[in-house]
Amino acid sequence: MAEVQLKSNAIPSIVVRTSNVAKELMSVAENHKVSVKSLDFRLLDSQTFTRIVTNGNDDWIECSPEEINDIHVEMYLNPQFEIKQIYEIEIFSITETPTLDSLDISIAGNGTLCKIYLTIKVGSTAHFNETFEADFYELIKKKKLRANLMIGIFESIMKFNLADLIAKIRIYGDYTFEDQERFLIGEAYEPISTIDDKLILHYDKKHQAMSDEGRIDYSKRGYIVSVVENDLLIEYIKPLKGTIGRNARGEVMIPKEPIVKYEPTFTVSEKIRRDELEKSVEFRAKVGGYVTFEGGVYDIKTEMDVTEISFRSTGSIDTALDADVSINVKEKDALKDAIGTGMSVTVNVINIEGNVGAEAKVTAHKATIEGQVHSSATVIADELSINIHKGKAFGKVIHITRLEHGEVEGEKVYITQAVGGKIRAQEIVIELLGSHTKLTASKSIEIKKLQGGENIFTIDPLLNESRESLQAEDEKMVEAKKKLEAVKKELADYEKTMADNASAYEDIKKKLIHYKRNQIKAPSAYVDKYQKFQYFRQKLESLRKEHQEKSEYLTLISSHHTALQSEIFDARIINHDRWKNYNEVVFKLIDPPIDVTYFPNDGSDENVLGLYEEDGEFSIKVVGK
C-alpha cells in the first residue's frame, strides 16, 4: 500500500489493490475516522483471473479482455470454474464537485443478482459535452464496484440498451429526467430454482371464509365442498432439481437437492381421473358432486342426508349450483328449524322436511320445503315447492300450498290458498283466494274460488322491465329516427343528382371505352370526370346501405316496445267464482302511461276481464264467461 500526502485537510491519497472496493472504502473510512460518503476512488487498473478447480490444478490464470469474451456458457455453468477480479484503486477525500454530480443514478440487481439494472432518478440532469459518454460509463463502472459487482463481464447488452438514452442527451444538450428511468445493463446466468414436492388440495380452498370485517366466518366453514366435471381437485407437484447459475459477482449458484415428503399415498374412486403430467400429477372430477375422503380414498358423491343445517351442526353450505349435489334435511319437528337462523344454503337440489328459520337463505335449482318459510327468510329456486310461505320466494315455476302474507315472484306461480301477500309473475293460478292479496301478472291471473276481498288484480306488461329502461328505449328510438331522417334526406339528394347526370356518365364511359379499344390516350378531363362519377356512385351505395341498417335498427328497438304494448290486450283476469266484497282490477298501459281501473260488482259473474280500446279510449270489459 502506498500513501501520498496531500497539501490539504483531506485524508492522504491511498493506492490499494483489492477484490472488494466497497469493503476497502469502509476500512479506510474507519481507519481515518471519516464518513465513507466523504470518500471517492479512481480505478487505475483491473485484472480478471480464472481457474478450474481439480485435484491436480487450481492455479489462477490472468485473462485478457479478449479471452474473457471467449468464455462460453458451458464454462460459466461448470461448478468447478471460478472467476475473480482484482482492482487497483486510488482512494481520496471528495474536495470538489464530482463529475456528473447532477446525475443521480443507482445500481441494483434482482434477487439472484443475475440481472443488473441502472436507475436514473426523477429530477436528474445530464449536460452533454465531449467527455460525457466516457464519464457516464466510468460512473456506472464505479457504482458497480461499490456494489461488489464485476466489471467488463456479463454487460454485453449495456451499450445497446443505453444507446437511445445517450443519443437523446446528445441531441438535447441539457436533459432533465421528468420520470424515473430504468435500464438493464447486465445479465448473467439465472439459475432455475429447485422445486420441492407439494400436495395442493384445490377442492379444499373455500374453508374458513372471511367476513366483511376481515374475521374468519365460522358460519361458513365448508361442511361439504362441491365440484363440477373436470374441476381440479388435487395436484401433486413433482420434485425437480434446479439448474446451475452464475451471478454478476461471478459466484456460481448450485441448486439444492429437492425435498420429497408429500408423495400421494391415497387412492381415488372411478369418479376421479388421474392425469400424469411432466411436472405434476392432477386429480380431476369426472362427475359433479361433493368430495369425500374416507379410509384413504377420495370419492365424489351426489346425495347427502343431514338432520339440520345450523351454526352448531354444519354451518352454512355453499356448493356450485351446477354441481350435482342433493341435500335432504330431515328435521321435521314443527317447533324446530331444519334450516337454522341466519344460515345460507346454495345447492343444486334440496329437500327440506321441516321449517326454514329466520334470516335464512336457500338457493337452488330445485327446492322442496315441507314445513314453513319464516317471514324474514328467502328462498330462490327455478323449481320451487313450499308448504306454508311467509317469507320471500323467487323462481321460475313456483308451487305454494298456503301463502300467508309472504312475497312471491316468478314466471308461473301456482297457489292452493292465499291469505294476504304479494305475488308477481307472468301467470298466476290460485285455487282459493282470501283477502288482502296483491296479484300482479303480465299475462294472466286465474282464480278458481274467491272467498275474501280487498284484493288488487294488476296486469302490468312491464312486470320484468323497468320504467327507466323503457324511457331509455324511447330516447334511443327518438335518436334513431333523427339519424334515419338525416340519412334519408342525404340519400334523396344523391339519388336526384345521380339521376340528373346519368346520361352524361354513360357518354363519358362510352368515350373512354372507345379510347381504350383504339389505344388512344384519353383526355385527362374525361378521366377526372369518370373518377368523380365513380366516387359519387360509391357514396350513393354507402348511403343506401346506411339507410337500410338504420331502418333495421329502428325496427328492432321499436318491436320490443310495440310487443309489450300489444301484450296487454291479450292479458286476462279470470275468476271462475262470483266476485265478492271489494276487489280492484288494474291494467297498466305503456303508451299512454296510464292505469285503467275497474271494480267488479259484488256478486257479479264477470268471469273473464280484458282491456278494450275504442276511438283511443281504454276500458276494462267482460270478454268471456
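A polar contact is a pair of N or O atoms within 3.5 Å; within protein, one atom must be able to donate a hydrogen and the other to accept it, and residues adjacent in sequence count only if both atoms are side-chain atoms. The model is predicted: local features need pLDDT of at least 70, side-chain atom pairs count only at pLDDT 80 or more, and totals for chains, interfaces and linings use all residues. Residues are numbered from 1 along each chain as its sequence is written, and side-chain values use heavy atoms, with hydrogens and water left out.

**View 1. Thr319 in a loop.** Thr319 sits in the loop between β22 (317–318) and β23 (326–329). Helices (H or I, at least four residues) and strands (E, at least two) are DSSP runs, numbered from the N terminus. Is Thr319 buried or exposed? Thr319 counts as buried, at 2% relative accessibility. Buried means under 20% relative accessible area, exposed over 50%, and partly exposed in between (1.4 Å probe, protein chains only). The Thr319 side chain reaches the backbone oxygen of Thr346 at 2.7 Å. Contact means heavy atoms within 4.5 Å. Leaving aside neighbours within four places in sequence, Thr319 is in contact with Ile224, Ser226, Thr346, Val347 and Asn348.

**View 2. Gln85 in strand β5.** Gln85 belongs to strand β5 (residues 81–93). Gln85 is buried, with a relative accessible area of 4%. Which backbone oxygen does the side chain of Gln85 reach? That of Ile151, at 2.7 Å. The Gln85 side chain also makes a polar contact with the side chain of Tyr87 (2.6 Å). Gln85 and Ile151 are 66 residues apart in sequence, yet 8.5 Å apart in space, C-alpha to C-alpha. Not counting residues up to four places away in sequence, Gln85 touches Thr18, Ser19, Gln47, Thr48, Met150, Ile151 and Ile153.

**View 3. Two nonpolar cores.** A nonpolar core is a set of buried Ala, Val, Leu, Ile, Met, Phe, Trp, Tyr and Cys residues joined through side-chain atoms within 4.5 Å. The largest has 62 residues. Ile327, Ile339 and Ile350 have the most contacts inside it. Apart from this core lies another, of 26 residues, among them Ile14, Val21, Ile68 and Ile151. Beyond its neighbours within four places in sequence, Ile350 is in contact with Ile327, Val329, Ile339, Val345, Val362, Ala364, Lys366, Ala367 and Thr368.

**View 4. An open sheet of 4 strands.** The order is β12-β19-β20-β16, and the pairing is mixed. Two strands pair if DSSP finds at least two bridges between them. Which strands lie at the edges? β12 (226–227) and β16 (267–268), each of which pairs on one side only. β16 pairs with strand β20 (residues 297–301) in the parallel sense, over 2 bridges. Val268 stands opposite Tyr298 in β20.

**View 5. Strand β29 and its partners.** Strand β28 (residues 378–389) and strand β29 (residues 392–404) run parallel, joined by 10 bridges. Ile386 has Ile400 in β29 as its bridge partner. β29 also runs parallel to strand β30 (residues 407–409), with 3 bridges between them. Here Ala393 stands opposite Val408 in β30. How many bridges join β29 to strand β31 (residues 412–419)? There are 7, and these two strands run parallel. His399 finds its bridge partner in Tyr414 of β31.

**View 6. His389 in strand β28.** His389 is found in strand β28. Its relative accessible area is 0%, so His389 is buried. The side chain of His389 reaches the backbone oxygen of Glu407 at 3.1 Å. Leaving aside neighbours within four places in sequence, His389 is in contact with Val373, Ile400, Arg402, Leu403, Glu404, Gly406, Glu407 and Val408.

View 7. Tyr505, Ile508, Leu512 and Tyr515 are the buried residues of α7. Seen down the axis, they fall within an arc of 90°, so they line one face of the helix. The arc is that of the directions from the helix axis to the C-beta atoms. An α-helix has 3.6 residues a turn, so residues three or four places apart point the same way. The face of α7 turned away from the buried side carries the exposed residues Ser503, Lys510 and Arg517. Just after α7, Gln519 takes a positive phi of about 55°.
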